[in-house]
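Please keep the sequence and the 3D view at hand while reading.

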Amino acid sequence: MKKRLWRIIIGAIFFIVALIINIDINWIRPVLFLVSYTIVGGDVVLRALRNIIRGKVFDENFLMSIATIGAFFVGDFPEGVAVMLFYQVGELFQSYAVNKSRKSIASLMDIRPDYANVKKGDELVKVDPDEVQIGDIIVIKAGEKVPLDGKVIEGSSMIDTSALTGESVPREVEAGNDILSGCININGVITVEVTKEYGESTVSKILDLVENASSKKSNSEQFITRFARYYTPIVVIIAVIIAIIPPLLFEGATFSDWIYRALSFLVVSCPCALVISIPLSFFGGIGGASRKGILVKGSNYLEALAKTEIVVFDKTGTLTKGVFNVQEIYPIEISKEELLELTAYVESYSNHPISLSLKRAFGKDIDNGRISDVEEISGHGVIALVDGKKVMAGNIKLMKKMNIPYFDGELIGTVVHVAVDNQYAGYIIIADEVKADSAKAIKDLKAANIKQTVMLTGDAKNVASKVAASLGLDKVYAELLPGDKVDKLEELFSQKSAKGKLAFVGDGINDAPVLARADIGIAMGGLGSDAAIEAADIVIMTDEPSKIATAIKISQKTLKIAQQNMVFAIGVKILFLILSVFGITTMWEAVFADVGVTIIAVLNAFRVLKVKNL
Amino acid sequence: MKKTFRLEGLDCANCAAKMERAINELDGVKEATVNFMTTKLVIEGDDDKMPTIISEAEKVVKKIEPDTVMKKA
């Protein structure tokens, strides 16, 4: 790069000297121009010759050589040199821009660990992560990347997961926790037992996914490839026609003039701007999304996402946490604490999620000595003696069976009714909690012009409609069996427009068929879950449903920029092609049009990487 | 079988597209993609034809852009 720059500078100095020199010796000026030309464009001419020998005639090197040497023969030395100079400056700019964008995208994916400190006896040995085996003990010091997935066995530290999740708040890990490769250890020293080989570790899976993402091409990319395929031969044919036909047909039209126009026409025609900027836009979009913890498996999905009309959510684990928690406690004639304590004790022998949530809410250890005569009535509940009191806890059926009058209003969630010594003592409501950003997720989707938001769930109707109403969802289908979900999806397909897309968001665990059926399958909480990464087209690494709106916004921005580039590049090209036919542009203006468009398009594509505020 | 290569010195997007097209037409290639941005070439093809595919692909790359070197990634 530096060498090229120096060649251009030195060549330019000769060129300027040749322009302003005031000597009477006739040959000095052409010689200076020739020196300048050789320094600046010698390699282009050489490459053109080499390619002709290889049987490849019409490339840009050939075009530039013909055009500039042609100018020399016409006696127009300054123009010949200027065009070459301009072309080289443009090329330099272009490779600078491309390199820069390659680097900035590469830095997005700068999560590849360089080494692992493996503990061998008392020594630490630095090895390639590839060579570490399952069961090896590695030490990760402050500031180092976590090279492989594993389990912390010693030490505690804060880790930065932002490269994987886009989440800026560090997470704390201590002995016993799992740790994922690709994170950065911020402060403490931790010792980790490796649980996965490098190839199977999170970091290499993610890198693999992102780097190969653009192999699935979007429609716009395919269009450009097809376009370039027909465009080049057509342009060459037109150029030949321009060079030959007018001088033969019209009086006063000279070959030298029309050949010059044909050459300018060819110079403008290079389709590089288009071919670079469209894939670059999509690649930038995928890179920007991964910076936000959103993995997109291909440009085609990013493109489809921008056209989403209907977003369908699974409830449990997607909009809600999928963890049951005690929501409300309604005691009658005893205290809240007492009701919770008695219920937790009665249920303490069960491992049912409901019992677990009661124990969690109670928070203290269960003293087994205080409880006896446990009797579980299947489908009803549990009866036991706690501190000598006969405590019953269960559903309505249990209360009816025991002839205990109970609160009979409408309650939402799973309700545990409790009676103490045959007296109704109140009830506890247990429900799945809505995620903190679920409401924001729906609101953001509406703001991003999504026409319908729908929730599918196997849960009871009253629970589902309460969640849907609180989040502002348009539609809810409850009490669905797993198979019903696909049917409902088919039904929703008929409600979107022909070009619109339907996205399904699930946790990737038991909704694989639905994820596959949707136009775009989005899996949540992909971090550490291979199933989700496999099944979906787009993986949200965190548990936040609001990232779906972010992904849609990134895709809309990407598509907009890709379209801008397409219209701009094709527009300018056509304009200059017409201008050059009529002889209005000079050749160096044609060069300017060619490289200028490319550079502007590349810079525009760059904007996709800015995703901070999305 | 899938093989990945790095195309060092890949400097022109149109050439990348040309290489992709030409490699896709080689005998035994199921799918080939050239990613201009990551300078990666991925070839998916028949196992037994892979050695010839690779050497043919190398020729294609050299022919389209002589300064580009195909390296194992």
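In chain A, 6 strands form an open sheet in the order 12-17-16-15-14-13, with antiparallel pairing. Strands here are DSSP runs of E with at least two residues, helices are DSSP runs of H or I with at least four residues, and both are numbered from the N terminus; two strands pair if DSSP finds at least two bridges between them. The model is predicted: local features need pLDDT of at least 70, side-chain atom pairs count only at pLDDT 80 or more, and totals for chains, interfaces and linings use all residues. Residues are numbered from 1 along each chain as its sequence is written, while chains are lettered from A and ligands numbered from 1 in the order in which they are written.

**The sheet from strand 12 to strand 13**

- Strand 12 (320-331) and strand 13 (371-377) of chain A are the edges; each has a single partner strand, so one side of each lacks a neighbour in the sheet.
- From one strand to the next, the twist averages 20°, where angles run from 0 to 180 degrees between N-to-C directions and axes are lines fitted to C-alpha atoms, for helices over the stretch in contact.
- Within this sheet, 6 bridges link strand 14 (residues 381-386) of chain A to strand 15 (residues 389-394) of chain A in the antiparallel sense.
- A:Gly381 lies opposite A:Gly394 of strand 15 of chain A.

**The sheet from strand 2 to strand 7**

- Another open sheet of chain A has 6 strands in the order 2-1-3-9-4-7, and its pairing is antiparallel.
- Its edge strands are strand 2 (123-127) and strand 7 (178-179) of chain A, each of which pairs on one side only.
- Strand 1 (residues 116-120) of chain A pairs with strand 2 of chain A over 5 bridges in the antiparallel sense, and A:Val118 stands opposite A:Val125 of strand 2.
- These two strands of chain A form a hairpin with 2 residues between them, and A:Gly121 in the turn has a positive phi of about 65°.
- Strand 4 (residues 150-154) and strand 9 (residues 190-194) of chain A run antiparallel and are joined by 4 bridges; A:Thr191 in strand 9 is the bridge partner of A:Glu154.

**Helix pairs in chain A**

- Helix 1 (residues 2-20) and helix 2 (residues 28-53) of chain A pack at an angle of about 165°, and their axes are 8 Å apart.
- This makes the two helices of chain A roughly antiparallel, a term for angles over 145 degrees.
- Residues in contact (C-beta atoms, placed from the backbone, within 7 Å) include A:Phe14 and A:Phe15 of helix 1 of chain A and A:Leu32 and A:Phe33 of helix 2 of chain A.
- Helix 3 (residues 60-73) and helix 8 (residues 255-269) of chain A cross at roughly 150°, and their axes come within 10 Å.
- Helix 3 and helix 8 of chain A are therefore roughly antiparallel to each other.
- Their contact is made by A:Leu63, A:Ile66, A:Ala67 and A:Gly70 of helix 3 of chain A and A:Ile259, A:Leu263, A:Leu266 and A:Val267 of helix 8 of chain A.

**Helix 20 of chain A**

- Helix 20 (residues 546-581) of chain A has 36 residues and, at 1.5 Å a residue, should span 52 Å; its end C-alpha atoms are 53 Å apart, which agrees.
- The expected span is 1.5 Å times one less than the number of residues.
- A:Gly583, which follows helix 20 of chain A, has a positive phi near 75°.

Definitions and conventions. Angles under 35 degrees count as roughly parallel, over 145 as roughly antiparallel, 65 to 115 as roughly perpendicular and the rest as oblique. Two residues are in contact if their C-beta atoms, placed from the backbone, lie within 7 Å.
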